[in-house]
Amino acid sequence: MLGPMSEDWRRDHLPEIVAMLARRPGHEHVRTLLAEVFHHGFRIGYEALDHEVRLPEVHGRVDALFGALVFEFKRDLRQEIGDVLARLPDYLADRERKTGRRFVGIASDGATFIAFERRSSGLFEIGRHEVDPARPDELLLWLEPALANRDDLQPDPLTVERELGRKSLSFARARGVLEELWTELHEHPEVAIKRQLWDGLLREAYGTPIGDDALFLQHTYLTIVAKTIAARVLEQPADDAAKILSGQPLDELGIRGAVESDFFDWILQAPAGADLVRRIARQTARFRLREVQIDVLKVLYESLIDPPQRHDLGEYYTPDWLAAKVVRRALRDPLKQRVLDPACGSGTFLFHAIRAKLAAAREARLSEAAAVNMCTEEVRGLDVHPVAVMVARVTWLLALGRAIEARKGELHVPVYLGDAMQWNLREVGAVRDVVVAVPDEAPLHIPAGFAEDQARYEGSVHIVQEGLKDSASQDQIERRLLRIAGVTEKDASTMAQTFERLRELYDKGKNGIWPFVFRNLMRPLWLSRPEQRADVVIGNPPWVAYRYLSPEMKRRLREACRPMNLWVGGRIATNQDMSSLFFARSAERYLANGGTIAFVMPYAAVNRPAFSGLRDGDLGSVKVRIAEGWDLSEVRPLFGEAGTNSASVMIAGRDERGALPKTIEKFAGTLTGRNASEAEADSDLTRKRAPWPPVTTLTGQSAYRQRFRQGATIVPRRFFLVEREPASRLGENPAAPRMRGKTGRLDKPPWKNLEPPRGPVEQEFLRPVLLGESIAPFRLLGTALAVLPIEGGNLLDASGAADAGHPNLARWLRDAERKWAAHSSKRADGTPRMTLREQLDYMGKLTAQLPPAGLRVVYTKAGKLLSAAILEDARVIIDHQAYWAAARGIDEARYLVAILNSRSVLARIVPMQAVGAFGRRHIDKLVWELPIPEFDPREALHRDLAAAAEEAERIAALVPLREGAHFTASRRVIREALGENGIAERIDALLARLLSV
């Protein structure tokens with residue numbers, strides 16, 4: 001290998017070469033230009049490339065060979081891809097047969113690069129790159145993992161993701177091997193039990209079945225990467241796959257608990273699995289891991305796991321800059337305070353806590369050995385996610401850096417697999433035990449008397465393991481357990497029964513995973529003992545809303561929230577969030593008296609009703625006081641692929657009571673990237689004290705809260721919202737025109753993939769629908785058309801429509817109901833949770849509009865601005881994106897629309913709004929949190945507001961609107977006209993007087 005790449009060449013020559021390649025210059029030119037790229041871009045000697053290599057046995061000739069790469073150059077892949085697909089499998093097979101190595105084939109015409117791998121099913125595409133002359137460096141980035149000729153890679157987020165992440169050739173190749181191994185091994189008893197236990201842990205934690213095979217294989221890959229990195233940190237040999245995955249090299253160095261056999265060493269049941277481990281180890285060995293400054297494995301995890309899966313798991317991994325600031329605020333005395341992250345994820349908070357303690361130790365002139373020992377004793381992590389725990393353990397080691405070399409004696413990595421919520425703790429009368437689920441079998445039980453005492457428990461696990469090896473009887477195990485100090489006869493008997501169950505599992509071949517499960521899942525009880533509790537509990541708990549949980553987990557959440565005064569219920573129940581209960585239980589079970597808890601929470605924790613119990617701080621068995629809050633709603637990017645999920649930080653003390661702070665620390669600004677360093681965040685973001693956002697209630701201050709209702713949930717939209725089909729030469733039947741369901745870009749899966757109904761529908765069932773986008777200030781923009789099965793005051797289903805003599809409507813509904821039954825959410829027995837008719841009238845929001853009121857006030861449900869207007873057409877049905885109320889007269893209607901369109905009202909409710917991926921959202925009933933009185937015609941101020949609204953209606957009606965303009969543009973020109981006229985300012989002045997009364 002030659003020296004580093006010349007920056008002059010990258011700047012002066014690479015753009016020209018990439019531009020020439022993009023023009024598809026022909027076979028020989030592509031070969032020559034790529035040789036230049038390899039030589040100057042990757043410092044590969046010209047002699048290392050073999051050209052025109054003949055393969056007599058397959059009657060072919062390879063255009064170029066380098067290492068384990070076969071290159072095929074073409075004039076135009078768009079026309080010659082068939083030739084590549086025909087020849088490349090033979091070329092790869094020949095090289096693999098002669099060398100014993102797995103090869104990758106890369107076909108290119110200069111403009112397009114396609115990477116292939118040979119699998120049992122044939123040639124498989126594993127990566128593709130389209131050359132862009134405007135971004136010449138991207139060609140180098142794409143080729144880098146394939147050429148893999150550098151061993152000095154910086155462990156920064158972008159490089160890690162590029163080399164090992166979702167779009168890398170390394171992952172694509174590994175995924176292919178894993179898929180073949182899974183096809184071969186998935187029915188093996190021990191492999192199957194590991195897969196089932198992994199899935200059970202995810203269900204236990206997140207209350208929903210999300211553990212599919214693809215995710216299991218992604219987790220397997222990530223675990224292998226993490227374990228090979230752990231071996232690399234300590235410069236251990238990476239040639240024995242079984243040792244790498246079991247952590248034996250680290251154990252031999254006296255480092256315990258960093259790597260152990262787990263769910264993901266199933267791949268070693270076949271030789272190809274060991275080959276894969278060694279190949280990944282060679283990839284990770286290329287990084288200078290001693291120089292790591294942040295939690296790089298978090299970036300890799302986020303690259304590999306789909307955003308929808310992370311949403312289902314409630315996983316929003318904390319940016320390093322934010323974790324560093326939370327640690328700095330909560331860990332005020334690093335040399336004395338014990339830290340626990342009970343939802344440690346990839347270990348970001350642990351990383352920064354260790355770095356804070358090491359820095360404090362250096363300042364206090366403590367030895368590195370003492371500092372390492374302090375971190376071992378005082379920085380602990382816990383998570384129910386098996387991959388997160390593996391990754392966090394490696395992150396914990398990486399945080400020590402070179403200080404790890406100063407350790408004295410054994411080093412135990414204190415990061416544990418376990419459920420911090422302790423859902424598996426069963427309490428029946430005076431009996432307490434931990435229930436361990438066994439797929440397709442009765443559960444195992446571990447007495448709390450063992451689980452709560454570390455030494456006692458380790459001793460019992462050792463006795464059970466030895467008993468399984470020497471075929472001991474249940475009675476013999478019980479007698480051995482009784483020799484452990486402090487063990488009761490009842491606990492020994494229960495543990496011996498568990499041993500007997502384990503022996504049965506061993507006989508069935510389900511034997512490899514139980515020591516790992518037992519040793520880890522008991523940790524939460526031990527960590528919650530008073531003497532083990534932390535002075536500082538930090539982290540980012542799972543964010544999972546009640547509506548996304550399984551029925552069983554919903555029941556658990558309700559039952560757990562009620563005694564802790566967290567359950568709000570009613571219409572707010574769907575917004576209850578697991579993070580609130582996690583905060584409360586963490587304070588109760590893991591936080592020492594007088595300690596500090598600092599969690600990254602949804603922004604809703606600041607002021608929404610679902611978090612009112614948490615803010616109050618009376619959590620039943622424990623009291624907390626919110627001492628400080630951070631508002632992160634205006635930081636971009638923050639979480640997620642789009643980088644815009646909003647959050648807050650809530651910092652509280654245990655065993656304190658008091659009111660919420662009057663102010664909040666508000667962060668705002670745009671970061672260069674979500675993985676910005678703390679220094680970059682300090683440069684990009686502003687911080688200031690601001691009033692604590694107004695806390696919303698369930699009742700509001702205005703009587704209008706009860707009078708306004710949300711419109712009907714007309715979903716799935718393509719089943720009901722329609723457009724007319726083109727008429728035939730003979731015209732259409734006016735009594736039953738032909739319609740088709742209207743599709744739109746906002747349609748969501750699974751409905752967006754279904755063909756909407758179409759056909760004739762009786763005219764009487766075609767109704768105008770007012771959508772949220774139909775409402776502008778003081779003016780309506782038009783309505784949509786919908787098939788709504790309303791007859792009299794009732795809703796019909798397909799059967800009812802047929803019985804009532806409406807055959808066309810019956811056919812339409814029959815098609816929609818069939819698709820609904822196939823794709824809607826199901827009960828445990830496989831039947832839909834609700835019928836399509838029940839969905840259409842969800843919570844009575846449609847039938848509440850029957851019979852229709854003659855005069856209604858409508859306003860928009862969501863958005864950054866509020867729009868309201870008067871609706872006089874009694875046939876119009878109002879959609880759920882709007883709120884409505886029947887007005888008692890035209891003057892009250894105008895009084896209300898004046899208030900609702902006021903800029904002053906909007907300014908007052910903005911701080912109360914929820915914050916989502918795209919900023920402030922959901923107006924809902926927030927306006928009625930303001931003390932707005934009901935209209936009284938005897939009040940001059942009320943009459944003045946009504947008169948002003950009448951004038952605003954006249955002005956809005958005269959504004960010319962461009963046909964086909966987006967509704968936001970139409971609203972904008974209307975607002976501008978109202979502002980220019982001065983009526984908007986007059987209404988604001990009147991409203992200021994109204995709210996000051």
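The following legends describe close-up views of a predicted model.

In this predicted model, local features need pLDDT of at least 70, side-chain atom pairs count only at pLDDT 80 or more, and totals for chains, interfaces and linings use all residues. Residues are numbered from 1 along each chain as its sequence is written, and side-chain values use heavy atoms, with hydrogens and water left out.

**Figure 1. Overview of the protein.** The secondary structure comprises 38 helices and 36 strands; these are DSSP runs numbered from the N terminus, with helices (H or I) of at least four residues and strands (E) of at least two. Of the 997 residues, 57% are buried, where buried means under 20% relative accessible area, exposed over 50%, and partly exposed in between (1.4 Å probe, protein chains only).

**Figure 2. Helices α34 and α36.** Helix α34 (residues 890-900) and helix α36 (residues 940-958) have axes that come within 7 Å and cross at roughly 80°. Axes are lines fitted to C-alpha atoms, for helices over the stretch in contact, and angles run from 0 to 180 degrees between N-to-C directions. The two helices, α34 and α36, are therefore roughly perpendicular to each other; angles under 35 degrees count as roughly parallel, over 145 as roughly antiparallel, 65 to 115 as roughly perpendicular and the rest as oblique. Contact means heavy atoms within 4.5 Å. Among the contact residues are Asp-891 and Arg-894 of α34, and Leu-945 and Glu-950 of α36.

**Figure 3. The aromatic pair Tyr-704 and Phe-708.** A search of the whole structure finds 24 aromatic pairs. Rings of Phe, Tyr and Trp (its six-membered ring) pair if their centres lie within 6.5 Å; planes under 30 degrees apart count as stacked, over 60 as edge-to-face and the rest as tilted. Tyr-704 and Phe-708 form an edge-to-face pair, at 6.4 Å centre to centre and 65° between the planes. Both Tyr-704 and Phe-708 are buried.

**Figure 4. The aromatic pair Tyr-859 and Trp-928.** The ring centres of Tyr-859 and Trp-928 lie 6.3 Å apart with planes at 70°, so this pair is edge-to-face. The pair links distant parts of the chain, 69 residues apart: Tyr-859 is in strand β31 (residues 856-860), and Trp-928 is in the loop between β36 (919-921) and α36. Both Tyr-859 and Trp-928 are buried.

**Figure 5. Cysteines Cys-344 and Cys-375.** Cys-344 counts as buried at 4% relative accessibility, and Cys-375 is buried with a relative accessible area of 0%. A search of the whole structure finds zero disulfides, a disulfide being a pair of cysteine sulfur atoms within 2.5 Å.
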